[in-house]
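Hi,

Here is the structure I promised to pass on. My notes follow below it.

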Amino acid sequence: MTDHSAKPSEEAGPSCRPQPVTRPPRSDRVERAYAILEGVRAEVVGRDREVREILAAMLAHRHVLLEGPPGTSKSTIVRAVARSMEMPFHFVEGSIELSPAKLLGHFNPAKVLQDNYRQDYFEMGPLTLAMQEGGVLYLEEFNRMSSEAANLLITPMEEGLINIPRYGLVTAAADFTIICSQNPYDDVGTLQVSRAFLDRVVRIRMNYQSEDEEAEIVRLRTCSEDESLIRTAVRITRLTREAEEIKIGASVRAAIDIVTVLENLMLLSDGNVGEEDLADACKMALTSKIWPAETLNATPEEIVERMIDRARSQLAGDFYLGAESKKKVTS
Ligand SMILES: Nc1ncnc2c1ncn2[C@@H]1O[C@H](COP(=O)(O)OP(=O)(O)O)[C@@H](O)[C@H]1O
Ligand SMILES: [Mg+2]
């Protein structure tokens, strides 16, 4: 990663000088790039291209902005990359209440009152900890932060330094990386991400995964072995993304919820679940996640019923009919 301990003036060489020459030698971690990739693959379904892009950006000493709808594996990948690279990981949920002090840290007020402002009374926040440890600071829903908190990141990103009044200078260790994520649909309570920030990151787009990969994610997360239920839940969820009745559809989280809720309904009803229970599970999983089109005169429940009908006609014999009817067929 960037040698942030270098003073800015030392970095400014002749402009034609090839970049790699000005970089510090690769750390052992970087040499293990392929092992890292394998480590991430063990935790993440698919996403080969995106994982390579994130690793490539990190190996090139860049900070990263991941842009994609909710549920498109942004957090999962970042955690897996940090774990696989054996980097300390600090997670921060972006919100308007996230003050610069929460990111930076603060002096322990009791100790300061008793004594004085001493460096060892300073309790580091996620930003300063990640800088000191050379870790990953992951800022989810970055664009929900106040511009005051967002602007605080610019100097650590650019110079690897931050000056804290009464504490002094915090210098970033070599591998310090900021990864931010944002949801492109988010327009309520978000800030227009500043040019200064965008200029200092590389941006990676995350779209929804293929139907087969989504089925694999549901298998992994629910441990269900009911293929027909998994396929049906995934198809119904995917249909919400293309339906004209829906402005913003649901992510694979909804399919995971449908399968989990239905399997637990099954547990509570001696294994007897039918199509009605599937409809209930779908409504529980989907009505909170979809964003119906404004002009439509239908309730979220009615829209979900339409999605179920569409999936039934598309999947035909593969559509989930419930455990009860399966028993009838096999007996
Ligand atoms: N490619 C994937 N591999 C494994 N799990 C995934 C994948 N995509 C999504 N998931 C699962 O779906 C859910 C949502 O993923 P998450 O990473 O939290 O999405 P995001 O951070 O983009 O909102 C989590 O339960 C996660 O484990
Ligand atoms: Mg997330």
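In this chain, 75% of the contacts between residues at least 6 apart in sequence join residues at least 24 apart, a contact being two C-beta atoms, placed from the backbone, within 7 Å. Please keep in mind that this is a predicted model, where local features need pLDDT of at least 70, side-chain atom pairs count only at pLDDT 80 or more, and totals for chains, interfaces and linings use all residues. Residues are numbered from 1 along each chain as its sequence is written, while chains are lettered from A and ligands numbered from 1 in the order in which they are written.

The chain has 18 helices and 11 strands, taken as DSSP runs (H or I, at least four residues, for helices; E, at least two, for strands) numbered from the N terminus.

Now to the ligand. Around ligand 1 there are 17 residues, of which Val-45, Ser-73, Lys-74, Ser-75 and Thr-76 come nearest; a residue belongs here if its C-beta atom, placed from the backbone, lies within 6 Å of the molecule. Helices H6 (74-84), H13 (211-222) and H15 (252-267) each give two or more residues to this shell. Ligand 1 lies between domain 1 (8-205) and domain 2 (211-330), because both give residues to its shell; the bounds come from an automatic or database domain assignment.

After H13 comes Cys-223, with a positive phi near 60°.

Best wishes
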